[in-house]
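Hi,

Here is the structure I said I would pass on to you. Have a look at it first, and then read on for what turned up in it.

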Amino acid sequence: MHVAHRSPYSPEFREEAVQMALRSKRPIAETARELNMNSETLRVWVRSYEREQGADSAVAVSEPLATDERARLRELERRNRELEMEVSFLKKAAAYFAKDAE
């Protein structure tokens, strides 16, 4: 008999982690490391989300992007990576100072 245990992760965290993994061009393991969680847990969450979404989550094939749109997309992706690094740094700094305050 399988006994269900309470997850240490809130539904909000789970949803945010899945969305982060789906939006990122990085491997799931790297996103999981950034979130300080097991990569297989995140992988299971992503697979489950994709199954639940079914065909809705499939990206529609569309026309190729225009040159200016590609440039804007590259700039937005660069800015997104920059912001993700800043958030990661701030999380680590907050954890350090919270530990130091004890």
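Predicted model: local features only at pLDDT ≥ 70, side-chain atom pairs only at ≥ 80, totals over all residues.

First, the overall layout. The chain has four helices and zero strands, so if you read along the sequence you get the pattern α-α-α-α. Of its 102 residues, 18% count as buried. As for contacts between residues at least 6 apart in sequence, 48% of them join residues at least 24 apart.

Now back to H1, which covers residues 11–23. From its first C-alpha to its last, this 13-residue helix reaches 18 Å, close to the 18 Å expected at 1.5 Å a residue. Which residues of H1 are buried? They are Ala17, Val18, Met20 and Ala21. These residues sit on the same side of H1, because the arc they cover around the axis is only 160 degrees. On the face turned away from that buried side you will find the exposed residues Pro11, Glu12 and Arg23.

Next, how H1 sits against H3. Two packed helices are described by the angle between their axes and the distance between the axes. Here the angle between H1 and H3 is about 85 degrees, and their axes are 9 Å apart. That angle makes H1 roughly perpendicular to H3. By class, the contact of H1 with H3 has nine nonpolar, two polar and three charged residues. On the H1 side, the residues involved are Phe13, Arg14, Glu15, Ala17, Val18, Gln19, Ala21 and Leu22. Facing them from H3 are Leu42, Trp45, Val46, Ser48, Tyr49 and Glu50.

One of the H1 residues in that contact is Glu15. With a relative accessible area of 40%, Glu15 is partly exposed.

Take Thr31, which is found in helix H2. Is it buried or exposed? Thr31 is buried, and its relative accessible area is 0%. Leaving out residues up to four places away in sequence, Thr31 touches Met20, Ala21, Ser24, Arg26 and Leu42. Two of these, Met20 and Ala21, are among the buried residues of H1.

Then there is Glu84, in helix H4 (residues 67–101). Glu84 counts as buried because its relative accessibility is 17%, and the cut-off for buried is under 20%. Again leaving out residues up to four places away in sequence, Glu84 touches Arg26 and Glu34. Arg26 also turned up in the list for Thr31.

Last, have a look at Asn36, in the loop between helix H2 (28–34) and helix H3 (39–53). Asn36 has a positive phi of about 55 degrees, although it is not a glycine. Asn36 is also exposed, with a relative accessible area of 69%.

That is what I have for now.

Cheers

Conventions. Residues numbered from 1 in each chain as written. Heavy atoms only, no water. Helix = DSSP H or I, 4+ residues; strand = E, 2+ residues; numbered from the N terminus. Buried < 20%, exposed > 50% of the residue type's maximum accessible area, 1.4 Å probe, protein only. Expected span 1.5 Å × (residues − 1). Arc of directions from axis to C-beta. Axes fitted to C-alpha atoms, helices over the stretch in contact; angles between N-to-C directions. Parallel < 35°, antiparallel > 145°, perpendicular 65-115°, else oblique. Contact = heavy atoms within 4.5 Å. Nonpolar A, V, L, I, M, F, W, Y, C, P; charged D, E, K, R; others polar.
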